[in-house]
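This briefing is intended for a reader who has the coordinates open alongside the text. Please consult the sequence and structure shown here before reading the points that follow.

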Amino acid sequence: MPHALKIDQIATAINARLEGDGDFVVTRLTHPAHVSSDSDLALATDAALLPVAVESGVKAVVLAEGATVPAGVFQAVLYVSRPRYARSKLTALFAETIVVPMGIHPSAVVEPSARIGAKVAIGPLVYVGAEAVIGDGSVLHPQVYIGPKAEIGPDALLHSGVKIGAGVKIGARAICHFNCSIGADGFSFVTPEPGSHELAKATGAVTATNQHLCRIASLGGVVIGDDVEIGANTSIDNGTIVPTRIGNGTKIDNQVQIGHNVVVGENVMMCGRVGIAGSAEIGNRVVLGGAVGVADHVKVGDDSVAIAMSGIAGNIPPKSFVGGAPARPRNKLIEEQFNISRLKSLKEKVETLMKRVEQLEQGGKSA
Amino acid sequence: MPHALKIDQIATAINARLEGDGDFVVTRLTHPAHVSSDSDLALATDAALLPVAVESGVKAVVLAEGATVPAGVFQAVLYVSRPRYARSKLTALFAETIVVPMGIHPSAVVEPSARIGAKVAIGPLVYVGAEAVIGDGSVLHPQVYIGPKAEIGPDALLHSGVKIGAGVKIGARAICHFNCSIGADGFSFVTPEPGSHELAKATGAVTATNQHLCRIASLGGVVIGDDVEIGANTSIDNGTIVPTRIGNGTKIDNQVQIGHNVVVGENVMMCGRVGIAGSAEIGNRVVLGGAVGVADHVKVGDDSVAIAMSGIAGNIPPKSFVGGAPARPRNKLIEEQFNISRLKSLKEKVETLMKRVEQLEQGGKSA
Amino acid sequence: MPHALKIDQIATAINARLEGDGDFVVTRLTHPAHVSSDSDLALATDAALLPVAVESGVKAVVLAEGATVPAGVFQAVLYVSRPRYARSKLTALFAETIVVPMGIHPSAVVEPSARIGAKVAIGPLVYVGAEAVIGDGSVLHPQVYIGPKAEIGPDALLHSGVKIGAGVKIGARAICHFNCSIGADGFSFVTPEPGSHELAKATGAVTATNQHLCRIASLGGVVIGDDVEIGANTSIDNGTIVPTRIGNGTKIDNQVQIGHNVVVGENVMMCGRVGIAGSAEIGNRVVLGGAVGVADHVKVGDDSVAIAMSGIAGNIPPKSFVGGAPARPRNKLIEEQFNISRLKSLKEKVETLMKRVEQLEQGGKSA
């Protein structure tokens, strides 16, 4: 039993109002439909879940402030004013850490010139390259790769299969999930003469053929701030001559693609499958929904929000709320979608009008 | 030569009608344009491929029931009534298994408390965490990672680079492809006050700034049923307090993203690049085409089919056939696309009408 | 200091016109806003960056032919006629190679029957399967996996975590980035009776349920030509009975999905998150923007260009320039988008017309 907390301790930790028995001991947080033990604490902040919790026989619940419960049903109740925020503190109390023993596992390969900080755990089958720096308190799970001269941490948590390229710099308290790639070369190719895609953009037609694709090397690396979390199977590429940058506090979901030279601000959220093309700039606190695309060299203003599957093809100002591809103000998108759905009716109106006008014209003639 | 089968054995195995020499020995299945040996069996169930097969000099073919062949051209012909289904049985006959020797390779790192079943093969450079359970007959290819307390198999087949998180449960006969991630933490963050994206959805405008993103930990794990196949570089995240679930018999392609708390039914098919946002529910036997997105908390009814690149933004009932983003009934989508393509002509009609009405009005006045 | 080049050597190597001191020594290529040393060479081919370069105090710059500089500001200036192409040669001069020592690292596991060429570097924790062939001069970074009978190189560069499936063939000078998957099984399943998705396409409605999904095995492997580059976390699947093919010189970005039996031509460019469904054919020199999807069995003609997020649902002829989903000629797409944005105004015109016609009709009646 990794966690056993008295509910009055929980109340204090999450800033909740407690009613009932403060000595009640909780060992697990769960959903009202998954109660299985007398020491469960059920999350029923959604009003529809309160009857489920009552039915379940659970002895302790978390409810939204304002909910009313029948007397005597629960032994202890925690009331919270912003349930989603309470989840953050609650789940933190019950999260289990996977232990990787401190020191370097004998199966790991660490180049002698690497500098390993204090209280670092380097798990089995990890590779750490020459002159890499692993900050104090960092944990490298099995099969991580750290390229030469990369600098990580302190207190980084790198899950299995994470690959950090040569020279990449990642700040404090980074969390990187399974198999993400940070610091692969950018996708940057050029044809000796202007390429088909360059001319097509300029002229509207394909007038050239790309006979030879020449590689532009990536010398710029990646620099990632503090408190950044990066999802599983996500890729962030090296810049060309200056680094690709991710600001402090930014959170990136799985399957995201961030191209070379991109600059991402602070406290940005990018949901799964987002793609940011080369040299785009994403402002501070921007929120990009799932599968949003941002075109190369585009600037997305601070605090902008893009709904899922938006394609941001041109610059957008701060605090924009956009959707669609190409992305446009979300209210305009909804209006357009509504108008499209009524096109059939509009067509019919026009057909009817044509007949009526024809009759008027004939009436005019016949008159 | 790993496979050599008499064609009458093949006929029985795949339930085909045989004409010709039942003793003909087949060593390879191939395309009519790639015939290179006298023991090839060419798949020519597509009518256009029959002349190619004739031309190739191949001695044995598989044809669709009803095809007519010139006498004396082939030594043996197999007729099948549902060619695509026949492919399943035929390719199974000729598939080669990559052998990983039973036992634990000396370069693998298996924690002493892990429980390894009978006839398990643990390949080179694999890691198996504390208290993990590997079911009988499972095969772990090189460089697989199994987190602590994960439970796999029996008869699982995990390809190189597969990462299975702590506590994840995967049923019998799972096939997981290169570098997929099962059981990374969900992308779940919250701001102390309502966030810009929350308010934007509610009000239609960005009226807040996300100063601080607080992490919600993932305690729920992932539970995957029997006979599930998961593609390369695909990610399935842990639930928050209850597991993310994938039902029996479901097949998931490469580069798919499945968020926390998602519940996927049985016998579902998800094509490449699909993304399912947190807490969505995908019914049984649903088919999602390539790059389909499903928004968070959305319910997709049983047996629904979504064409590639659909964005399912709201609940859809069972047996829906949808397309577009936001997804709508596919017939409506086609009608709308047709109407859009005719907008130019509609505009012209309206311009003409305006002139005619103007003339009528002037005629009326002048009258 | 890994690189120190006299600027007249650079001029010759990149075919630039030099003005100033040919003996000036350059040690680093950088952006005008990142100058930090007297031996920096600043790339200011973009006119807006010239004042930044002047301000920076940098002593040497690369400018676009035709730019005018104040006398005496720089010690040496390189003029180039096609700046983006010059970047290719310039960055190559300054790129650092990550050294993996030749030979087989003691922690690598190489099956005895594998054939390892001359001057091959096999890094730590790599696995090379039975009968695999590694061509001369190839470099396998830590934690690479090479399946049995795969053939790679010569002069291949495989980054950490790359997985090459059994029997896959990759030509000379391949570059494969972190965690890409080449040669996983195709996503190919069939129902004994026609499936819901098959019938939905044919009839427009869901009329069947997929009770049982039968696997079609992938026997065909993958064959990749020379000079191909493949991005991080990208997946290319095995063909069914013939290989999936990628032509010489083709460049594929991160997070791309290429399905079974796909045939990709030569010198193709695929940007991040592209998805190509099974059996599609992509012609030579095609350029696919980010997140473009191509439906199964579709043929994309040579030299075609698709803008980001296009969904190519049917065959397109050579030199097409397309956008949208379903993809259509890009000029038509722009016209349609314009017409959609004017729908509100069109609706209003129709409303006005209806009132005017009503008045005319009433006028007629009242007359």
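Lys319(C) is partly exposed, with a relative accessible area of 40%; on this scale buried means under 20% relative accessible area, exposed over 50%, and partly exposed in between (1.4 Å probe, protein chains only). This is a predicted model, in which local features need pLDDT of at least 70 and side-chain atom pairs count only at pLDDT 80 or more, whereas totals for chains, interfaces and linings use all residues. Residues are numbered from 1 along each chain as its sequence is written, chains are lettered from A and ligands numbered from 1 in the order in which they are written, and side-chain values use heavy atoms, with hydrogens and water left out.

**Backbone geometry**

- Most residues other than glycine have a negative phi, and most peptide bonds are trans.
- Lys319(C) has a positive phi of about 60 degrees although it is not a glycine.
- Lys319(C) is located in the loop between β38 (311-312) and β39 (321-323) of chain C; helices (H or I, at least four residues) and strands (E, at least two) are DSSP runs, numbered from the N terminus.
- Asn267(A), likewise not a glycine, has a positive phi of about 55 degrees.
- The loop between β30 (263-264) and β31 (269-270) of chain A holds Asn267(A), and this residue is buried, with a relative accessible area of 15%.
- In chain A, Gly153(A) and Pro154(A) are joined by a cis peptide bond with omega of about 15 degrees; Pro154(A) lies in the loop between β16 (151-152) and β17 (157-158) of that chain.
- In chain B, a cis peptide bond links Gly153(B) to Pro154(B), with omega of about 15 degrees, and Pro154(B) is placed in the loop between β16 (151-152) and β17 (157-158) of chain B.

- Gly135(C) sits in the loop between β13 (133-134) and β14 (139-140) of chain C, where it is buried, with a relative accessible area of 13%.
- Contact means heavy atoms within 4.5 Å; leaving aside residues up to four places away in sequence, Gly135(C) touches Gly117(C), Val120(C), Ile152(C), Gly153(C), Pro154(C) and Asp155(C).
- Gly135(C) and Pro124(C) are 11 residues apart along the chain, and their C-alpha atoms are separated by 18 Å.
- Helix α3 (residues 83-94) of chain C has 12 residues and should span 16 Å at 1.5 Å a residue, which agrees with its end C-alpha atoms being 16 Å apart; the expected span is 1.5 Å times one less than the number of residues.
- The buried residues of α3(C) are Ala86(C), Ser88(C), Leu90(C), Thr91(C) and Phe94(C).

**Interface of chain B and chain A**

- Chain B contributes 85 residues to the contact and chain A contributes 70 residues.
- About 6000 Å² is buried between chain B and chain A, with carbon and sulfur atoms giving 63%; buried area is the accessible area (1.4 Å probe) that two parts lose on being put together, summed over both.
- There are 5 salt bridges between chain B and chain A, a salt bridge being a side-chain nitrogen of Lys or Arg within 4 Å of a carboxyl oxygen of Asp or Glu.
- Glu351(A) and Lys349(B) form a salt bridge in which the closest N and O atoms are 3.3 Å apart.
- On the side of chain B that touches chain A, α6(B) provides the largest share, 8 residues.

**Interface of chain C and chain B**

- This contact draws 85 residues from chain C and 70 residues from chain B.
- The area buried between chain C and chain B is about 6000 Å², and carbon and sulfur atoms account for 63% of it.
- Within chain C, the residues losing the most area to chain B are Phe187(C), Val206(C) and Ile241(C), together 12% of what that side buries.
- The interface of chain C and chain B has 5 salt bridges; in the salt bridge between Glu198(C) and Arg82(B), the closest N and O atoms are 2.8 Å apart.
- The side of chain C that touches chain B receives the most from α6(C), with 8 residues.
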